[in-house]
Amino acid sequence: MIQPDWDLFFSSFWPLLDGALRGTIPLALTSFAIGLALALVLALMRLSAKRWLAGIARVYISIVRGTPLLVQLFVIFYGLPSIGVTIDPWPSAVVAFSINVGGYAAEVIRAAILSVPKGQWEAAYMIGMSRSRALTRIILPQAARVSVPPLSNTFISLVKDTSLASLILVTELFREAQQVAAFSQEFMLLYLEAALIYWVICLVLSTGQGFLEKRLDRYVAR
Amino acid sequence: MSPADLSAESSSPADAAASAPLLRVRGLQKSFGTNRVLESVDLTVGRGRVLALIGPSGSGKTTILRCLNGLELPDGGTIEVAAAADTAGRSASGAMTIDFTRKASPKQLGALRDRSAMVFQHYNLFPHKTVLQNVIEGPVVVQRRPVAEVTAEALALLERVGLTAKRDSYPFELSGGQQQRVGIVRALALRPQLLLFDEPTSALDPELVGDVLRLIKELADEGWSMVIVTHELEFAREVAHEIAFVDGGTIVEHGDPKQLLRHPQHERTRQFLHRLLNPF
C-alpha cells in the first residue's frame, strides 16, 4: 500500500487554501453577484410584452446554455485578442462566469416570478402600485423564497466551474494544486486535496442555503 | 370610521359636485380574444349607495367590477369619474370621462384606480407581510402618508374588526374569515371613495361567512359607497340599495332589491332566481 506523504499534504495546504481564498471564492462571489443582476434583467426581458426584448433574452439564454463554459472562456481570453480586444485573465474569467450564470439563473428567476399567484399582482395594483414597485415590493420577495434552492445549485456549480479558470492562467485553487503536483509529482495526493477543499466550500454553502431557506420560510404554512 | 371622516367629501366646497354620482358607466365592452365578455354595460354608482351585482357564473359580473378598478381594461364605452376631494396623501382630481374606445392614459387609469379599493374573493393578502404591514403598505408606500398616522389608523381599523391581537401575525396564521377582514381593512386604509367586493365570502367556510357579511353591512350602514358581486341573495336584499342582474355580458335588469327578487321582470332573471332558490 502506498503511504501518503503527509508532510507534502500539510505544506501544500496553505498554497491551496490561498488559491481558494484569493482566487476561487472571490471569483465565484463576484461572478455570481454580477450574473444574478444580469439574470434579473434577462428574466424581466423574457417576461416583457415586447416581443423583441423577449426574443433577445431568449437567444442569449439559448447561446449561453448551448455552448460549453470552457469554450466561452477560451473565446474571451484567447479569441478576443485576435480582434484587438485583450483582457487580463481575472477579468476574462469574471466576464465569462457572469455571462454564464446570467443565462442559467435567468430561467430560474423567470420561473420563480411566474410561480407567484396572479392575485398578488392584482392586489399590488389595487393598492395603487406601479408595475416596477409591485415587482420589487410584492413579487420578488415571494419569488426569492422559491428560487433559493435552484440558485444555490447554480452557485455551487459556479464554485466548482471556477477551476476552469486555471486554463486561462488565473491563480486559483486548482492551478495551485497543478503547480505543486507538477513540482512534486504527487498527482493523486494534490488533486484529492484540491477536491477536499472544494467539497468543504460547498458544504459551507449548503449550510448557508439551509439557513436562508429557513429564514425565507417564516411566513409560509408548514 | 365613516367615509365622511375619511374623505371629507361633505365639506368639499363643490356641493353641487358632491351630489353627482361617483361613477357613471356607459356602454362598457370587453372581450378576451374572440370571447365577448361584456356586451354593453350601463350602470351608475351614487354616493353612499350600495349596488349588488348578481348573476350566473361567467355572466361578466366580476369583469364589470374589475373594469371599475382598472384591473381589466375595457375595449369600449366610457366611465365618468366624479371629482375627488383633496384628502391627506392623495391629491384632488377633477371629474373626468375616460373613453375606452381610445387608449386610456396612465393618468386616467391611475385616477380611476385611486377612487376605489377592492376586496378579493381569495383575499390576496401579501403572504410575506404581517397583518399590520399588509394594511399600511398602500398608504405608506404608495400614498406617502406618515407612518405613525397610518399605523394609528390601521390599528383602529384592526381593533374594530377584532384583530388587534393579530397585528404581527402572517396571513397563513389566520382563518379565512380573519384574512378577509384584513382584506377589508386593507381596502379601508386606502381611504377610497368606493369599495368593490368581488364575491367576498365565496371562498369562506360557511360558519365564517356571517362575520364578514356583518362587517360589510356595518360599513354600508355607515354610508360607504359599494359595488358588491355576490351569490348571497339574502345579503344583497338586506344591504343593497339596488340590485343588478347580469347575464350574457349585459345588465338584464336592475332595480329595488325587494322588487327585483320578488317580481323579476325578465325570464332569464326568473330562471336564475328559481335555480338559486330551489337547488334540488
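These legends walk you through several close-up views of a predicted model.

View 1. The C-alpha trace of chain A spans about 70 × 50 × 25 Å along its principal axes. Chain A has 222 residues, and 35% of them count as buried. Now think about which parts of the chain meet: among contacts in chain A with a separation of 6 or more, 75% join residues 24 or more positions apart.

**View 2. Helix 4 of chain A and its kink.** Helix 4 of chain A covers residues 89–115, which makes 27 residues. From its first C-alpha to its last, helix 4 of chain A reaches 39 Å, close to the 39 Å expected at 1.5 Å a residue. Where is the kink in helix 4 of chain A centred? Look for A:A105, where the kink is about 30°.

**View 3. Where chain A touches chain B.** The contact draws 16 residues from chain A and 20 residues from chain B. On the chain A side, the elements that give two or more residues are helix 5 (118–126) and helix 6 (131–161). Helix 5 of chain A gives the most to this side, with six residues. Sorted by class, the side of chain A that touches chain B has ten nonpolar, four polar and two charged residues.

**View 4. The largest nonpolar core.** This core has 114 residues, and those with the most contacts inside it are B:L53, B:V135, B:L195, B:L196 and B:V227. Which helix of chain A gives the most to this core? Find helix 4 of chain A, which gives eleven residues. Next, zoom in on B:L195. Leaving aside residues up to four places away in sequence, B:L195 touches B:S116, B:A117, B:V119, B:A187, B:L219, B:W224, B:S225 and B:M226.

**View 5. Confidence in chain B and in the model.** Chain B averages a pLDDT of 88, and 90% of its residues score at least 70. Over residues 4–16 of chain B, however, the pLDDT is below 50. Beyond near neighbours in sequence, this stretch of chain B has 17 contacts in the model. The model itself scores ipTM 0.89 and pTM 0.87.

Methods. Residues are numbered from 1 along each chain as its sequence is written. Chains are lettered from A and ligands numbered from 1 in the order in which they are written. This is a predicted model: local features need pLDDT of at least 70, side-chain atom pairs count only at pLDDT 80 or more; totals for chains, interfaces and linings use all residues. Two residues are in contact if their C-beta atoms, placed from the backbone, lie within 7 Å. Helices (H or I, at least four residues) and strands (E, at least two) are DSSP runs, numbered from the N terminus. Ala, Val, Leu, Ile, Met, Phe, Trp, Tyr, Cys and Pro count as nonpolar, Asp, Glu, Lys and Arg as charged, and the others, Gly among them, as polar. A residue is buried if 20 or more other C-beta atoms lie within 10 Å of its own, exposed if 12 or fewer, and partly exposed in between; C-beta atoms are placed from the backbone. pLDDT is the predictor's confidence in each residue, from 0 to 100. The expected span of a helix is 1.5 Å times one less than its number of residues. The bend at a residue is the angle between axes fitted to the seven residues ending there and the seven starting there. A nonpolar core is a set of buried Ala, Val, Leu, Ile, Met, Phe, Trp, Tyr and Cys residues joined through C-beta atoms within 7 Å.
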